[in-house]
Amino acid sequence: MTTSTLWLRANVIPVTVFVALFVIWELVCRTGVVQPWLLPAPSNIAIAVWDRRVLMSFHLLVTFTEVLGGFSLAILLGVPIAILITYSDLARKITYPVLLVFQSVPKVALAPLILLWLGYGMSSKIFVAAVTAFFPLVINTTAGLVSTPAEMLELACALKARQFDVFLKVRMPWALPYIVSGMKVAVTLSVIGAVVAEFVGSDTGLGFVILNASSTMNTPVVFGAMVLLSLLGMLFFYSIVGLEKLLCPWYMKAEQGSALQIAGSMS
Amino acid sequence: MRDLQEESPVPLITFNGVTVQFRGRHGMVVTALEQVDLAINEKEFVSIVGPSGCGKSTLLRLIACLIRPTAGDVHIKGRPLREPSSRIGIMFQQPVLLPWRSVLDNVLFPVELIHQPRAAFETTARELIQTVGLGGFDRAMPRELSGGMQQRVAICRALVYDPPVLLMDEPFAALDALTRDELGIELMRVTAQRDKTVVFVTHSITESILLSDRVVVMSARPGRIIDEIPIRLARPRSLDLVSTPEFGCYASQIRSRIAAAHGRLTTAGPELT
C-alpha cells in the first residue's frame, strides 16, 4: 500500500468534512441565495486566482519572504536572549520587566510606529512579523532551558564538566522540543504580523491584495488571497513539524513508545 | 570477597565535624547535618540509613563536592576536598538518562564530559552493558526500557570511567521489590569485582544489611550519626541470607537504634522497612 493511500485512510473523516463543506458552499452559491459579491463560490475564487496567477504569485512571494525573514529574526533574537536569561541573574533582572511590559502591548498596535521608523519597504514588515513572533520563542526557550532536571545538571557538575559542554550536551537538547513548540506558535504569529504590517501601509503582499480587492468589492480575490495566506501558514507550520521529527525524534516517540515499553519491561 | 580484618589503616574518605546549614525560605536557617564524624575505608560498602530528611543525601553531595560544608571538612585520601573530580561516580533515585541518547551513548556520556577519547572506552562500555544483562540493547533508546533496565544503564554510566568511589542516593527506591533485590545483588557483585568504595543511601534496612560492610544510622534533622554497625556476614551474599537469624538480629538492632533516636519504643516509621 502506498503512503498516500495510507494517509488517506488515516484522514478519511477530516477529508470528507472538507470536501462536503466545499460542495455545500458551491451549491449554496449556485442557487443564488447569496449575493456573489458577499460570498463567491469556491469555483469563482479558483478562477479569480488562476486569472491573476502571475500577480498573485508575486504577492505571495513577498509575504512569504516577510514571514520567513521575521520568523528567522525572531529566532535569532529570541533564543540568545532566552539563553542569557537562563544563565545570568543580572540579565534576567534587566530583561524580564522590559519583556513583561513589552509583552502587554498589543504588537499589532506597534505596526504603525514601526512603519514610521523603518519606512514602507519590506524591512518594516519583517520587523513587525519578528516582534509578533518573538515572545513565545523567548518564553518557550527559557522554559526549556530552565526545566532541565537538576539531577542531570548535578551529574555533569559532579564530573567537573565545562559549562559549555553542559549547555551543548544537556541543556540545549533538553530545551529543543520546547523551542520547536515555541516555533510552531511563533510562525503562525509572524504570518499575522506580516499581514497586519501590510494592512498598515504597503503596495505589495497578500495583505495589500486583500485590502485593495475589498475596497473595490472584488470578493473572489479577497477570498483567494485568504486561501493563499492559510496555505502559506500551513506550509510553515508543517515545515516545523517536519523539523521536529528531524531534530527531536526521541520526543516525538514519547507518545508512541508505550508499546515498546511494555515489551521492554517483560524481558 | 572482602576481609573485614584487613581494612586499610588510612580511611579513603573522612568527615571531621561536618555541619551543613541551608538558608531556607523566610531566611530560616535549616541544619541538615550537625557535627558529623565519619571515616569510610577503601573498598568498603557503607550504607547510610535514617528517616526522610535526615541529611543522608547531603552527605553524598558533600563527597561529590556539589555542596560545601558550613563547618568542618571532608578529606579524600587525607587531602581536603576542593572540587568535583572524575574519581567519583554518582547514581540517583531516578536513572536520569538523557532521553535523546541511546543506551551506549548514555553510558559513554561521562567520558565525553571528562574529555577522554570515546573510542578508548567503547569496549568497556559494551562489556558493562553486557555485565548488567542488557546485551543487545546498546542501540536502544531509554524510552524503550523499563525502570529497572534504565537503572542498570545508570550503573554502567557510573562505572564506565572506573571511579574508585561510587555514591548512590537511594538508587533502587523507585523500583518494584523484585527488581530491587535483583539489582542490589547485581550491584554487590559488580562493585566487589572492581574494588569499589560504595556509599549507599537507602530507606531500606534490609537492603542496607544485605549489601554493606557497615551500616551508618542517622537521626532525624538535624542529621547526626547515632550509630555505626559493622555487618559481619560472609560474602558473597545471596537473598537467602535475609531469612537467617543473624540477619534478623542486625535488622532489629538497627531498627531499635532508629526508634531510640526518635524517643519512642515502637519500631521505626513505615518508610523504614
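Predicted model: local features only at pLDDT ≥ 70, side-chain atom pairs only at ≥ 80, totals over all residues.
The secondary structure of chain B consists of eight helices and 10 strands. Along the principal axes, its C-alpha atoms occupy a box of roughly 55 × 45 × 40 Å. The radius of gyration of chain B is 19 Å, which agrees with the value near 19 Å that a compact globule of 273 residues would have. Of the 273 residues in chain B, 54% are buried, where buried means a relative accessible area under 20%. Among the contacts in chain B with a separation of 6 or more, 70% are between residues 24 or more positions apart.

The surface and charges of chain B were also computed. Its accessible surface amounts to about 11,800 Å², and carbon and sulfur atoms hold 51% of this area. Chain B carries 31 positive and 30 negative charges. The mean position of the positive charges lies 5 Å from that of the negative charges.

Chain B is in contact with chain A through 32 residues of chain B and 24 residues of chain A. The area buried between the two chains is about 2,600 Å², and 67% of this area comes from carbon and sulfur atoms. On the chain A side, Leu155(A), Leu159(A) and Lys169(A) together supply 25% of the area that chain A buries against chain B. This share is more than that of any other three residues.

Conventions
Residues numbered from 1 in each chain as written. Chains lettered and ligands numbered in written order. Heavy atoms only, no water. Helix = DSSP H or I, 4+ residues; strand = E, 2+ residues; numbered from the N terminus. Rg over C-alpha atoms; globule rule 2.2 N^0.38 Å. Buried < 20%, exposed > 50% of the residue type's maximum accessible area, 1.4 Å probe, protein only. Contact = heavy atoms within 4.5 Å. Areas by Shrake-Rupley, 256 points an atom, 1.4 Å probe, with all protein chains shown as cover. Lys, Arg positive; Asp, Glu negative; His and termini not counted. Charge placed at Lys NZ, Arg CZ, Asp CG, Glu CD. Buried area = accessible area lost by both parts, 1.4 Å probe.
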